[in-house]
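Take a walk through this chain with the model open beside the text.

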Amino acid sequence: MGEITIHVEEANGSITSLAAPTEMGLSLMEFLKASDYPILATCGGIALCATCHVCVLEGFESLSQISDDEAAILDTLPNITPTSRLSCQLKLSDSMNNIKVSLRAED
């Protein structure tokens with residue numbers, strides 16, 4: 001496939017649809033940062049800081065399983081949801097086509 005669509009819910013409730021390459025091995029965090037979203041990614045993408053927290057609004061079931069390390073970090077957050085993920089732990093893949101996320105790190 002080579003390219004998927006990621007839908008991002010903006011703070012005002014509008015949806016922005018972005019074309020994301022799957023062949024570059026990027027994480028969702030890296031892609032969102034490159035798309036000028038305000039993700040700090042303080043730890044550099046190793047699941048230690050949770051500054052790349054997203055809530056998956058659609059397509060959660062298509063994502064890779066949550067690792068124990070990711071789950072432990074998510075459990076420290078006050079604004080966790082049942083579909084919370086660390087975007088640094090989600091490698092862009094064809095199975096993620098049309099997922100919808102909202103950024104939560106600044107909540």
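Is A41 buried or exposed? A41 is buried, because its relative accessible area is 11%. Buried here means under 20% relative accessible area, exposed means over 50%, and partly exposed is in between, with a 1.4 Å probe and protein chains only. A41 sits in the loop between α1 and β3, the strand of residues 53-58. Its phi is near 50°, a positive value in a residue other than glycine. Most residues other than glycine have a negative phi.

A word on the ground rules. This is a predicted model, in which local features need pLDDT of at least 70 and side-chain atom pairs count only at pLDDT 80 or more, while totals for chains, interfaces and linings use all residues. Residues are numbered from 1 along each chain as its sequence is written, and side-chain values use heavy atoms, with hydrogens and water left out.

Now the whole chain. Its secondary structure comes to 2 helices and 5 strands. Both kinds of element are DSSP runs numbered from the N terminus: helices are H or I with at least four residues, strands are E with at least two. From the N terminus on, the order is β-β-α-β-α-β-β. The radius of gyration is 13 Å, close to the 13 Å that the globule rule gives for 107 residues, so the chain is as compact as a globular protein of that length. That radius is taken over C-alpha atoms, and the rule is 2.2 Å times the number of residues to the power 0.38. The C-alpha atoms fill a box of roughly 35 × 30 × 25 Å along the principal axes.

How much of the chain is buried? Of the 107 residues, 44% count as buried. The accessible surface comes to about 5600 Å², and 51% of it belongs to carbon and sulfur atoms. These areas come from the Shrake-Rupley method with a 1.4 Å probe; for residues, only the protein chains shown count as cover.

Strands of a sheet pair through backbone hydrogen bonds, either parallel or antiparallel. Here 5 strands form an open sheet in the order β2-β1-β5-β3-β4, with mixed pairing. Two strands pair if DSSP finds at least two bridges between them. β2 (15-21) and β4 stand at the edges, each with a single partner strand, so one side of each is left without a neighbour in the sheet. The twist averages 40° from one strand to the next. Axes for such angles are lines fitted to C-alpha atoms, for helices over the stretch in contact, and angles run from 0 to 180 degrees between N-to-C directions.

Look at one end of that sheet order. β1 (residues 3-9) and β2 pair in the antiparallel sense over 7 bridges. I4 stands opposite A20 in β2, and T5 stands opposite A19.

What is the relative accessibility of R85? At 1%, R85 counts as buried. Its side chain makes a polar contact of 2.8 Å with that of E70. A polar contact is a pair of N or O atoms within 3.5 Å; within protein, one must be able to donate a hydrogen and the other to accept it, and residues adjacent in sequence count only if both atoms are side-chain atoms. Leaving aside neighbours within four places in sequence, R85 also touches residues including C52, F60, L74 and L90.

L28 belongs to helix α1 (residues 28-34). L28 is buried, because its relative accessibility is 0%. Beyond four places in sequence, its contacts include I6, V54, L90 and V101. The C-alpha atoms of L28 and K91 are 6.1 Å apart, across 63 residues of chain.

Y37 lies between α1 and β3 and is buried at 13% relative accessibility. Its contacts beyond four places in sequence include V8, L18 and L103. N98 lies in the loop between β4 and β5 (99-103). N98 is partly exposed, with a relative accessible area of 38%. Its phi is positive, about 70°, although N98 is not a glycine.

Definitions and conventions: Contact means heavy atoms within 4.5 Å.
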